[in-house]
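Subject: Structure handover

Hello,

Here is the structure, with its sequence, for you to take over. My notes follow below it.

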Amino acid sequence: MNEPSGWAVSPAVSPAVSPGEMLALLRASSPLTRAEVMRRTGLSRSTVAQRLDALLTAGLVVAAGEEAPGRGRPAGQFAFHRDRGVLLVVDVGATAVRAALTDLTGSIRLERTTALDVAEGPHRVLGVIDGLFAQMLAEAGRAAADVYGIGLDVPGPVDIGSGQVVSPPIMSGWDRFDIPGWFRPRYGCPVMVENDVNAMAFGEQRSVYPDTEALLMIKVGTGIGAGLVAGSAVYRGADGAAGDIGHMQLTVPGETTQPECRCGNTGCVEARAGGWALVRDLRAAGYPVSTVDEAVALIRTGDTTAVGLVRRAGRLLGGAVADAVSLLNPRVVVIGGQLAAAEEQLLAGIREMVYRRSLPLATARLRIVRSTLGQRAGLVGTALLLADLVFAPRRIDELLLA
């Protein structure tokens, strides 16, 4: 795996020592004194000194001023070197991309958004993204060598091992495209590709609900997807296909024909309650709407037909969410995406079905809430996931012990 140039390696680290675990502690709790590190880890003074020396040599830790105890000499502090380099991340949506440059903790420093149809294909979309990255690097006074990692979240199923999108319903031309390989000639760093709702779920959990170990994220935009955080980590399933709630099939009593979905099946949740389905139904009712944003604007006017359709969509989606709540028992269900902005109508329908159909034990302390991070949830989650990947203890140990 290629690394940013300038990553120094300490030749004096023993294989018995784990600098990566030390870095993880400083990433979570910077700044700390040597004494604080010793107390939190139970390590000896010499072992702490050895680990800190290795991380200081690599430039991953810096001296962070001094802490003055009650008496005696001030105790030096050490912190994760968050400005040693940068991360580049992008949230790829169906109709727009949102890109950001962050520090090494994943905190956003610069941000760019542009309208772009993901169905234009990987070469077109990734070319625009690379242009946004170049603009932000120039503005930040950074070079490609300063980039420690690149992260993308995309609206489709992802094979995490290869970083490839697999049979995505709305991403024409992306199937099995080598996204990491596309960036490799320009950047010598890891490239992470994640499903968009997984990233949103992680962003909400880490930033808004850090004490909640089980969180279910439902994205209701043009399509519908779900992401689960379990044990404070993203749960992807055996092959990365977990969370495909939008293509669960529903049977509606009294229905003679089932709506056709973009995936090729009929009767999917998305074909009944997704943003594109709402636009379809509004147009069938005579309304001149062509986008999900226009549909949301109409709902906000209080139009009775539009409100009735989104409330119905909420109940239909709520049936699928109720099944997920019974199966997974999350503490919080977060609703995001464009339709989450449709006043309380969508959430009301979801809550109605979840509390009616799920077991009392699963709903007794359950919260169903609108996304706090809003449109930035995917971007925030991607940045945090990428930072965790780049600075994973095992990876840092391998680099410093190489």
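In what order do the five strands of the open sheet that includes S13 and S15 run, and what is the pairing? The order is S13-S12-S11-S14-S15, and the pairing is mixed. Strand S13 (233–235) and strand S15 (367–370) are the edge strands, each with pairing on one side only. From one strand to the next, the twist averages 25 degrees.

Please keep in mind that this is a predicted model. Mean pLDDT for the protein is 91, with 93% of its residues at 70 or more. Two stretches need caution. Residues 8–17 have pLDDT below 50, and this stretch has 22 contacts in the model beyond near neighbours in sequence. Residues 67–74 are also below 50, with nine contacts counted in that way. Where pLDDT is low, the predicted coordinates should not be read in detail.

Ile218 has Ile335 of S14 opposite it. Helix H10 (residues 304–328) packs on the sheet and touches S11, S12 and S14. The direction of H10 makes about 165 degrees with that of S11. H6 lies across S11, strand S12 (224–230), S13 and S14, and runs at about 45 degrees to S12.

The sheet with S6 and S10

Another open sheet has five strands in the order S6-S5-S4-S7-S10, again with mixed pairing. Its edge strands are strand S6 (108–115) and strand S10 (191–195), and each of them pairs on one side only. Here the twist averages 15 degrees from one strand to the next.

Strand S4 (residues 86–92) and strand S7 (residues 147–154) are paired in the parallel sense by six bridges. Asp91 has Asp153 in S7 as its bridge partner. Helix H4 (residues 122–140) packs on this sheet, where it touches S4, strand S5 (96–102), S6 and S7. The angle between the directions of H4 and S6 is about 145 degrees. H6 packs on this sheet too, touching S4, S7 and S10, and its direction makes about 90 degrees with that of S10.

S5 and S6 pair in the antiparallel sense over seven bridges. Arg98 stands opposite Thr113 of S6. The two strands, S5 and S6, form a hairpin with five residues between them. In the turn, Gly106 has a positive phi of about 95 degrees.

H6 against H13

H6 also has a helix partner. Helix H6 (residues 196–207) packs with helix H13 (residues 377–390) at an angle of about 80 degrees, and their axes are 7 Å apart. H6 and H13 are therefore roughly perpendicular to each other. On the H6 side, the contact is made by Ala199, Met200, Phe202, Gly203, Glu204, Arg206 and Ser207. The H13 side contributes Ala377, Gly378, Val380, Gly381, Thr382, Leu384, Leu385 and Asp388. By type, the residues of this contact are seven nonpolar, five polar and three charged.

Aromatic pairs

How many aromatic pairs does the structure hold? There are five. One that I looked at in detail joins Phe80 and Phe391. Their ring centres are 5.1 Å apart and the planes are at 75 degrees, so this pair is edge-to-face. Phe80 belongs to strand S3 (residues 75–80), whereas Phe391 is in the loop between H13 and helix H14 (393–401). The pair therefore ties together parts that are 311 residues apart in sequence.

Regards

Definitions and conventions: Residues numbered from 1 in each chain as written. Predicted model: local features only at pLDDT ≥ 70, side-chain atom pairs only at ≥ 80, totals over all residues. Heavy atoms only, no water. Axes fitted to C-alpha atoms, helices over the stretch in contact; angles between N-to-C directions. Helix = DSSP H or I, 4+ residues; strand = E, 2+ residues; numbered from the N terminus. Parallel < 35°, antiparallel > 145°, perpendicular 65-115°, else oblique. Contact = heavy atoms within 4.5 Å. Nonpolar A, V, L, I, M, F, W, Y, C, P; charged D, E, K, R; others polar. Pairing = 2+ DSSP bridges. pLDDT = per-residue confidence, 0-100. Phe/Tyr/Trp six-rings, centres within 6.5 Å; stacked < 30°, edge-to-face > 60°.
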